[in-house]
Amino acid sequence: MKLKYLGTAAAEGIPGMFCDCRVCRNARKVRGKEIKTRSQALLDDKILIDFPADTYMHILNYGLDLRNIHHCIITHSHSDHLYPDDFWCRFKGIAHNIAEEPLNVYVTEAGYNQVFDRCENIENNPRVKIYRITPFESFDIEDYHIIPLEADHDPLTCPVIYIIEKGEKSLLYAHDTGIFPDSTWEYLVKYNKRFDLISLDCTEMANDDCRKHHMGLKADKEVLDRLKKIGVCSSDTALYVNHFSHNGKLTHEESVSEAEKYGFLTTYDGLEVIF
């Protein structure tokens, strides 16, 4: 499997639009990996994870070709992960000479309602299909088996994290969550397969007290230790932290060295991981 991190920031991006903190000043000066756009990833060039407003920037920066992508799974309804206003760009009369196979969007209750509230004329539109999903109810996309799990985040957004399996490979994609809810831990205890890659939220990287709704490195290590204890993480598992805020108080360069102390690699926009 191949996971490409298109955007690796929290809602404000780095640098924040109006922010003059040390991290944002550094990002404007150094650019490169210090620049982080809103969270989005692409699995095997087939499945988008999240659809932020920065999707258009990812098309420009990384050659993301939405004409040939037909599946998108959404973690929750906050606008930095779901920006349904742009789905109309795929409608007839706007997008020309594309396959009639629709873009299938899989989203929990809050996001499902948001799409229909904000994207005009999407009902019964043949080019974008919206499917409501529920935590712990798995579904299949082509050769992929996908299991949404409950996340610890704003409950009004109906947040989930994802297990994604293809053949013998498996991924735990866990962003916009604090320490996992008990229901998710109960599911993971029964899950009898080791993950090949684990990607954890690290919005507040240097904040040792951050463990609700988001995590910092200390909470990430706590989650990792528990995943190892229940047997779903081994020494061969690739471990990444992702989804960063300038409120995490570290530059990208500083984050790399700090995350290594806890056993994690640090993502950046455009990073491609094969596992």
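Reader: Does Arg127 count as buried or exposed?
Author: This is a predicted model. Buried means under 20% relative accessible area. Arg127 has 5% relative accessibility, so Arg127 counts as buried.

Reader: Which residue meets the side chain of Arg127 in a salt bridge?
Author: Arg127 sits in the loop between α3 (109-118) and β6 (128-132). The N to O distance is 3.1 Å, and the partner is Glu100.

Reader: Is Glu100 buried, partly exposed or exposed?
Author: Buried means under 20%, exposed over 50%, and partly exposed in between. Glu100 has a relative accessible area of 42%, so Glu100 is partly exposed.

Reader: How many residues apart in sequence are Arg211 and Glu222?
Author: Their side chains meet in a salt bridge, at 2.7 Å from N to O. Arg211 lies in the loop between β11 (197-201) and α5 (217-229), and Glu222 in helix α5. So the pair ties together parts of the chain, and the separation is 11 residues.

Reader: Which helix holds both Lys261 and Glu258?
Author: These two form a salt bridge, with the closest N and O atoms 3.1 Å apart. They are three residues apart, about one turn of the helix. That helix is α6.

Reader: Which helix gives the largest share of the lining of the largest pocket?
Author: The largest pocket has 17 lining residues. Among those nearest its centre are Ile59 and Arg67. The largest share is three residues, from helix α2.

Key
Residues are numbered from 1 along each chain as its sequence is written. This is a predicted model: local features need pLDDT of at least 70, side-chain atom pairs count only at pLDDT 80 or more; totals for chains, interfaces and linings use all residues. Side-chain values use heavy atoms; hydrogens and water are left out. On a 1 Å grid over the protein atoms alone, a cavity is a set of points where a 1.4 Å probe fits but cannot get out, and a pocket is an open set with protein on both sides within 12 Å along at least five of seven lines; lining residues have an atom within 4 Å of a point. Helices (H or I, at least four residues) and strands (E, at least two) are DSSP runs, numbered from the N terminus. A salt bridge is a side-chain nitrogen of Lys or Arg within 4 Å of a carboxyl oxygen of Asp or Glu. Buried means under 20% relative accessible area, exposed over 50%, partly exposed in between (1.4 Å probe, protein chains only).
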